[in-house]
Amino acid sequence: MQHTSTVDRPVVPPAPDSRTFARAFGDVRDAWRQRELWGHLGWQDIKQRYRRSVIGPLWITISMGTTALALGLLYSTLLGQELATFLPYVTVGFIVWNFILGVVTEGTEVFIANEGLIKHLPAPMTVHVLRMVWRQVLFFVHNLAVYVVVLAVFFPALTEQYKMEGDVVTHPGISWTIVLAIPAFALLVVNAVWVAILFGIISTRFRDIPPVIHSFINLIFFMTPIVWHVGVLNKFTEGDGNWKILIAEFNPLYHFLEIVRAPLLGQVQDWHHWVVVGAFTVVGWALALVALRNYRARVSYWV
């Protein structure tokens with residue numbers, strides 16, 4: 001009887017499934033389920049920062065109020081604006097901008113700053129992103145106290161129809177549409193997560209990205225209608241709409257800013273801002289999931 005000898009063949013390991021969209025979606029889903037963890041860590045970040053301070057996080061509100069007041073007084077004089085409507089405009093714009101600024105600048109270093117936890121804590125990568133975004137949300141809520149004060153002071157001017165200098169649009173004033181600021185800010189938070197995931201992964205691999213973004217964001221501040229409004233462009237360019245399109249409409253941050261600011265000030269809400277923000281939300285999350293799919297396993301080696 002003839003026996004066939006078996007040849008030892010090398011064992012081929014199964015194809016790794018770490019680079020799949022299922023793993024990417026699972027990372028985001030598992031991070032959301034651990035909201036008690038990142039919620040506690042985000043709150044502890046604020047307590048740790050102001051642990052030995054007498055008034056604690058109120059320093060955030062005082063700093064925001066002082067800056068908004070100074071900018072509002074300065075630019076209302078330079079641009080010849082009505083203080084009763086221009087100061088609330090600058091205040092709300094600066095509050096929303098601070099949230100965007102915090103998400104972008106801290107998002108680029110979100111994984112670098114959590115090197116120790118990433119290497120020793122078995123948790124989804126998105127947990128660190130949600131922790132940072134939650135911290136920025138808490139800062140935003142603190143800063144809303146400045147908006148409440150400004151609203152109380154200039155309430156009569158903001159509840160009636162008004163027109164900002166150089167603006168051809170007559171704004172209806174604050175009404176029930178103020179509630180649109182809630183879904184607008186929620187959409188802003190959703191975008192903050194993908195921004196931190198995408199830029200956080202890229203910056204972890206290429207460490208020159210954070211300082212470049214920190215420098216570039218200061219330029220974006222003056223290019224975004226925060227201490228000036230779009231109507232001023234028509235005033236100084238004699239109605240030439242090309243400057244408006246170039247400076248404002250091509251700036252994506254303008255649309256993110258406007259969907260939150262307009263309802264809080266009772267201004268006319270142009271729905272094309274929501275369309276632009278919605279498009280950026282879809283495309284941004286697609287890019288973030290691709291980055292999470294391909295490089296989530298490498299972040300722990302890059303930090």
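This is a predicted model: local features need pLDDT of at least 70, side-chain atom pairs count only at pLDDT 80 or more; totals for chains, interfaces and linings use all residues.
Reader: How do you know that the length of helix H9 agrees with what its residues should span?
Author: At 1.5 Å a residue, the 25 residues of H9 should span 36 Å, and the C-alpha atoms at its ends are 36 Å apart; the two values therefore agree. The expected span is 1.5 Å times one less than the number of residues in the helix. A helix here is a DSSP run of H or I with at least four residues, a strand is a run of E with at least two, and both are numbered from the N terminus.

Reader: Why is H9 called largely enclosed?
Author: Buried means under 20% relative accessible area, exposed over 50%, and partly exposed in between (1.4 Å probe, protein chains only). In H9, 18 of the 25 residues are buried, so the rest of the structure largely encloses this helix. In the protein as a whole, which has 15 helices and zero strands, 47% of the 303 residues count as buried.

Reader: Why is Leu 180 called partly exposed, and what does Leu 180 touch?
Author: Leu 180 lies in the loop between helix H8 (155-159) and helix H9 (181-205). Its relative accessibility is 22%, so Leu 180 counts as partly exposed. Contact means heavy atoms within 4.5 Å; leaving aside neighbours within four places in sequence, Leu 180 is in contact with Pro 263, Trp 271 and Trp 274. The C-alpha atoms of Leu 180 and Leu 264 are 8.3 Å apart, although 84 residues separate the two along the chain.

Reader: How do you know that the buried residues of H1 lie on the same side of that helix?
Author: The buried residues of H1 are Ala 24, Gly 26, Asp 27 and Ala 31. They cover an arc of only 160° around the axis, and therefore lie on the same side of H1; the arc is that of the directions from the helix axis to the C-beta atoms. These buried residues pack against helix H2 (35-49), helix H7 (126-153) and helix H14 (272-295). The face turned away from the buried side carries the exposed residues Ala 22 and Arg 33.

Reader: What makes Asp 27 and Arg 296 a salt bridge?
Author: A salt bridge requires a side-chain nitrogen of Lys or Arg within 4 Å of a carboxyl oxygen of Asp or Glu. The side chains of Asp 27 and Arg 296 meet at 3.4 Å, N to O, and are counted as a salt bridge. The pair links distant parts of the chain: Asp 27 is in helix H1, and Arg 296 is in the loop between H14 and helix H15 (299-302), 269 residues apart. Asp 27 has a relative accessible area of 2% and is therefore buried.

Reader: Which other salt bridges can be set against that cut-off?
Author: Arg 135 and Glu 106 form one, at 2.5 Å from N to O. This pair also links distant parts of the chain, with Arg 135 in helix H7 and Glu 106 in helix H4 (residues 83-107), 29 residues apart. Arg 135, at 12% relative accessibility, counts as buried, whereas Glu 106, at 23%, counts as partly exposed. Glu 258 and Arg 261 form another, with the closest N and O atoms 2.9 Å apart. Both lie in helix H13 (residues 252-265), three residues apart, about one turn of the helix. Glu 258 and Arg 261 are both buried. Salt bridges that share partners join Asp 45, Glu 106, Arg 131 and Arg 135 into one network. The whole structure holds seven salt bridges.

Technical notes:
Residues are numbered from 1 along each chain as its sequence is written. Side-chain values use heavy atoms; hydrogens and water are left out.
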